[in-house]
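Hi,

Here is the structure I said I'd pass on. Have a look at it first, and then read my notes below.

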Amino acid sequence: MNRALINIDYTNDFVHSDGKLTCGEAGQVLENDILNITKEFHDNDDFVVFAIDLHEPHDNFHPESKLFPTHNVKDTWGRELYGSIEDYYQKIKDDDNVYYLDKTRYSAFAGTNLLIKLRERNINEIHLVGVCTDICILHTAIDAYNLGFDIYVHKNGVASFDDIGHKFALNHFKNTLGANVVD
Ligand code: ZN
């Protein structure tokens with residue numbers, strides 16, 4: 001186990017057509033690729049992290065409350081993983097190499113124990129899939145860059161509601177963060 005897959009925010013609210021803050025079809029078409037990548041990492045005994053946005057209802061102190069409609073609220077359908085990813089997660093969730101992480105900011109490193117979990121496993125290489133390319137994936141990649149990780153972003157595993165932002169972020173991963181953007 002020297003690699004980690006960080007599966008970010010692939011939930012109903014961010015992906016499903018009825019989601020509160022959805023990427024819509026751009027997010028939905030990732031489903032099979034994210035499932036296959038997650039299976040590959042899981043079966044290879046790599047570390048599989050589900051880093052999932054968590055909000056309390058009516059949290060006026062949270063900076064996102066001024067920016068976005070309420071989303072990914074604790075114990076709601078909107079916070080469940082989307083489609084077959086939820087089914088697969090339910091199957092593997094008790095395995096030793098699977099870790100579910102509540103995050104409350106864009107970056108999976110902000111205010112979480114992700115760094116400790118990676119360091120204790122001597123993991124230097126992190127792979128990113130999920131949404132949105134230009135928000136939570138980008139902020140996680142920037143923190144990973146500053147912490148010295150080798151970063152892989154799976155092009156067929158990331159999407160955004162904002163096509164310009166998506167394209168900007170893919171270039172930024174490669175040209176500014178030195179990440180590997182892989183097909
Ligand atoms: Zn949020």
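Asp46 is buried, with a relative accessibility of 3%. Keep in mind that this is a predicted model, so every value here is computed from it.

What does Asp46 pair with? Arg3 forms a salt bridge with Asp46, and their closest N and O atoms are 2.7 Å apart. Arg3 belongs to strand E1 and Asp46 to the loop between H3 and E2, so this pair ties together parts that lie 43 residues apart in sequence. Arg3 is buried as well, at a relative accessible area of 16%; the cut-off for buried is under 20%.

Arg3 has another partner. Its side chain also meets that of Glu40 in a salt bridge, at 3.7 Å from N to O. This one links distant parts of the chain too: Arg3 is in strand E1 (residues 3–8) and Glu40 is in helix H3, 37 residues apart. Glu40 is partly exposed, with a relative accessible area of 45%. Put together, Arg3, Glu40 and Asp46 are linked in a network of salt bridges.

How many salt bridges are there by this rule? The count comes to 8. Arg121 counts as partly exposed, at 23% relative accessibility.

Next, helix H4, which spans residues 83–92. Which of its residues are buried? They are Ser84, Ile85, Glu86, Tyr88, Tyr89 and Ile92. The cover over these buried residues includes helix H3 (31–43), strand E2 (47–53) and strand E3 (98–103).

Last, a pair of helices. H6 (residues 133–146) and H7 (residues 163–175) pack at an angle of about 20°, with their axes 9 Å apart. That angle makes H6 roughly parallel to H7, as anything under 35 degrees counts that way. Their crossing is left-handed.

As for who touches whom, H6 brings Thr133, Asp134, Ile137, Leu138 and Ala141. From H7 come Gly165, His166, Phe168, Ala169, Leu170, His172 and Phe173. Sorted by class, the contact of H6 with H7 has 7 nonpolar, 4 polar and 1 charged residues. Asp134 is the charged one.

That's what I have so far. Over to you!

Cheers

How values were computed:
Residues numbered from 1 in each chain as written. Predicted model: local features only at pLDDT ≥ 70, side-chain atom pairs only at ≥ 80, totals over all residues. Heavy atoms only, no water. Buried < 20%, exposed > 50% of the residue type's maximum accessible area, 1.4 Å probe, protein only. Helix = DSSP H or I, 4+ residues; strand = E, 2+ residues; numbered from the N terminus. Contact = heavy atoms within 4.5 Å. Salt bridge = Lys/Arg side-chain N within 4 Å of Asp/Glu carboxyl O. Axes fitted to C-alpha atoms, helices over the stretch in contact; angles between N-to-C directions. Parallel < 35°, antiparallel > 145°, perpendicular 65-115°, else oblique. Left-handed = near helix turned anticlockwise from the far one by under 90°.
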